Amino acid sequence: MSGAALGLEIVFVFFLALFLLHRYGDFKKQHRLVIIATLLAWYLCFLIVFILPLDVSTTIYNRCKLAVNSSPAESNGSYVTLAPSKQKCFKPWSYIPDGIMPIFWRVVYWTSQFLTWILLPFMQSYARSGGFSITGKIKTALIENAIYYGTYLLIFGAFLIYVAVNPNFNLQWNQLQTIGIAAANTWGLFLLVLLLGYGLVEIPRSHWNGAKRGYLLMKTYFKAAKLMTEKADAEENLEDIMEEVRKVSESIKYNHPLRKCVDTILKKCPTEYQERMGRNMDDYEDFDERQNSYPSEKSLAKLHKQVIYSVQRHRRTQVQWQILLEQAFYLEDVAKNESSATRQFVHTFHSQEPENKIIQYFYTPTVEWYWECLLRPWFYRVLAVVLATFSVIVVWSECTFFSTKPVLSLFAVFIQLAEKTYNYIYIEMACFLTIFFLSICVYSTVFRIRVFNYYYLASHHQTDAYSLLFSGMLFCRLTPPLCLNFLGLTHMDSTISHKNTQPTAYTSIMGSMRVLSFVADGFYIYYPMLVVILCIATYFSLGTRCLNLLGFQQFMGDSEMTSDLIDEGKELIRREKRKRQRQEEGENRRREWKERYGNRDDSTRSRAVHTDQKESSFSETNANRSLSKYTRSNGRTERDRIELLQDAEPLDFNADSINDDPLESDSGR
């Protein structure tokens, strides 16, 4: 099994990252480089989280071997036996051979840092650029990132000059590397505590509120009112942008040098707008720059950028509106079925997507009723209690992990108890659950956060390229300090435990933080205590109240604005429900009419077509006879007339469009 666990987790994490990226990104429409870069960033960050418990168990076994080798011992198969105390150091099932983990961590860490500090910021500017060529997009991206990269180079250059001038400093390359890692981790830890403080409270509270049907329905009405406003704004913005595109398309003719740029913009527009505007190819007038003022290529690039953004936003709001409608209809069905005497779940509307037959076989209406109306609320309450317990343990450990005598961090107590018995399965499970819960608290906040319309991770393939790349940057900057914080909570970091023991392979890659003592002994230890203040602020919804005062409507039960938006959303949902009911009733009537009278209409139409064919054949025969009668007398004039008829362009005749019944023709129109 040596190295097998590492290989299995590498494959599993890849498919996990691919699944999440497929849920938020769009593989068909987005650029391949954007998909590959985001997938690589997510994959490396998830990989660090999943592989770190294996590093901990391997390190504990290596410490045991060092303790055994320092005493008289005898080897026995897969374990080493200590002579005086007969202590056994069992090799863990997931043991990774020496030399693999340092290389693995070095490749993963530096690749993620290259992505987050160099490649992904450049690709963000490249993706948002409105240039019409690769060279133009690269030029725009370099100009936008010049200040970004120049700031870091200026800080690094000033630091190098200070070190070179000051004779008290004699830093080597490894120490400079450690200082750079410490600077990156300090920035990440600053953001990590903010996101962690929010997630530790909001995740248990959201699951507890998930058991309240009335709460979820009211919040859905609130979201519907806000989303309708955003949807109307997106439609209005798209109309304005399309009007500008129409004016540009009419002003720049087919033979203008910038016409290719206009065609590129038109391809990004929705289909109905493309058909409405056309390409203006019927005007063959030559352009004259002295008589007319034409837009420049720079202004067209700006318009191109606006078109991409407005079309993406409009499509996202349309999809989100349909998803929110389905969610609201389902919650209303749950509220109605709670008092059902038959204990069978009845849907108001049938699902528009075909359901899996296996799911239909097991997930019957009776099973659905018991799950939705009885079991699911209790399951969410129990899960919320478990998550709240984990949150309390994390907050306590964050405030006390610096204490080594006595050990107050609960995670360190659990790991040390398991280390005495060398129960590697328990060690790996405890480490995995701890770091997995910390990752969920941090990463879920990244998925929930929204910075106006510039950064927003929307599910169902509605996330734009800029937001995907920005999420990859955040993950790569947050994961290394998250892992260091986890190692500090479990006292596996020698900087925290103050023990001269073998460090983990991950810590050895980070280097000794003793180079910057004020960071190792100050910031890394005392700054995480601020998570208590952030948890208290999140519990009392101070951030939500501040945003509400600033004019950003947030869901608050004791606010009049929230009540008004709930009423507005309820009316919108009721209106959409009536509209869908009328559509289904109309489809049912048409289906019943077709089932009753479809065969009769087909037979009537076939007889009418047969009669028309007979009449047309009889008329053609008479016409041929009259034509042969007068052909000799007409001579050359008649032949010229026939040639003109043959040269004429035939009409586009469609027999299905001809209908003898005027009532049917009116209904068709």
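Tutor: An axis here is a line fitted to C-alpha atoms, for a helix over the stretch in contact, and angles run from 0 to 180 degrees between N-to-C directions. This is a predicted model, in which local features need pLDDT of at least 70 and side-chain atom pairs pLDDT 80 or more, while totals for chains, interfaces and linings use all residues. Residues are numbered from 1 along each chain as its sequence is written, and side-chain values use heavy atoms, without hydrogens or water.

Student: At what angle do helix H9 and helix H11 pack?

Tutor: Helices (H or I, at least four residues) and strands (E, at least two) are DSSP runs, numbered from the N terminus. H9 covers residues 297-337 and H11 covers residues 365-400. Their axes lie 10 Å apart, and the packing angle is about 95 degrees.

Student: How is H9 oriented to H11: roughly parallel or roughly perpendicular?

Tutor: Under 35 degrees counts as roughly parallel, over 145 as roughly antiparallel, 65 to 115 as roughly perpendicular, and the rest as oblique. The angle of H9 to H11 is about 95 degrees. That makes the pair roughly perpendicular.

Student: Which residues of H11 meet H9?

Tutor: Nonpolar covers Ala, Val, Leu, Ile, Met, Phe, Trp, Tyr, Cys and Pro; charged covers Asp, Glu, Lys and Arg; the others, Gly among them, are polar. The residues of this contact divide into four nonpolar, one polar and two charged. From H9 come Tyr330, Val334 and Asn337. Facing them in H11 are Glu368, Trp369, Glu372 and Cys373.

Student: What share of the chain's residues counts as buried?

Tutor: Buried means under 20% relative accessible area, exposed over 50%, and partly exposed in between, with a 1.4 Å probe and protein chains only. The chain has 22 helices and five strands. Of its 669 residues, the buried share is 39%.

Student: Which residues have the most contacts inside the largest nonpolar core?

Tutor: A nonpolar core is a set of buried Ala, Val, Leu, Ile, Met, Phe, Trp, Tyr and Cys residues joined through side-chain atoms within 4.5 Å. The largest one has 97 residues. Helix H2 (residues 32-69) gives the most to it, with 22 residues. The residues with the most contacts inside this core are Trp42, Trp105, Leu200 and Tyr506.

Student: How many residues are in the second core?

Tutor: The second core is separate. Among its members are Cys261, Cys269, Leu300 and Val311. Its size is 19 residues.

Student: What does Trp105 touch?

Tutor: Contact means heavy atoms within 4.5 Å. Residues up to four places away in sequence are not counted. The partners of Trp105 are Ile48, Ile51, Leu52, Asp55, Ala505, Tyr506 and Ile509.

Student: Which helices are included in what covers the buried residues of H7?

Tutor: H7 spans residues 259-268. Its buried residues are Arg259, Cys261, Val262, Asp263, Ile265 and Leu266. The cover includes H6 (213-251), H8 (271-277) and H9.

Student: How far apart in space are Ile573 and Phe329?

Tutor: Ile573 is in helix H20 (residues 560-634), and it counts as buried at 1% relative accessibility. Beyond four places in sequence, it is in contact with Tyr221, Ala224, Leu325, Ala328, Phe329 and Glu332. Ile573 and Phe329 are 244 residues apart in sequence, yet C-alpha to C-alpha they are separated by 8.0 Å.

Student: Is Phe411 buried or exposed?

Tutor: Phe411 is in helix H12 (residues 410-421). Not counting residues up to four places away, it touches Ile393, Val394, Ser397, Thr434, Leu489 and Thr490. With a relative accessible area of 5%, Phe411 is buried.

Student: Where is Pro406?

Tutor: A cis peptide bond joins Lys405 and Pro406, with omega about 0 degrees. Pro406 is found in the loop between H11 and H12.

Student: What is the relative accessible area of His460?

Tutor: His460 is not a glycine, although its phi is positive, about 60 degrees. It is found in the loop between strand E5 (455-456) and helix H14 (465-489). His460 is partly exposed, with a relative accessible area of 35%.

Student: And His491: buried or exposed?

Tutor: His491 has a positive phi of about 60 degrees. It is found in the loop between H14 and helix H15 (494-497). At 7% relative accessibility, His491 counts as buried.
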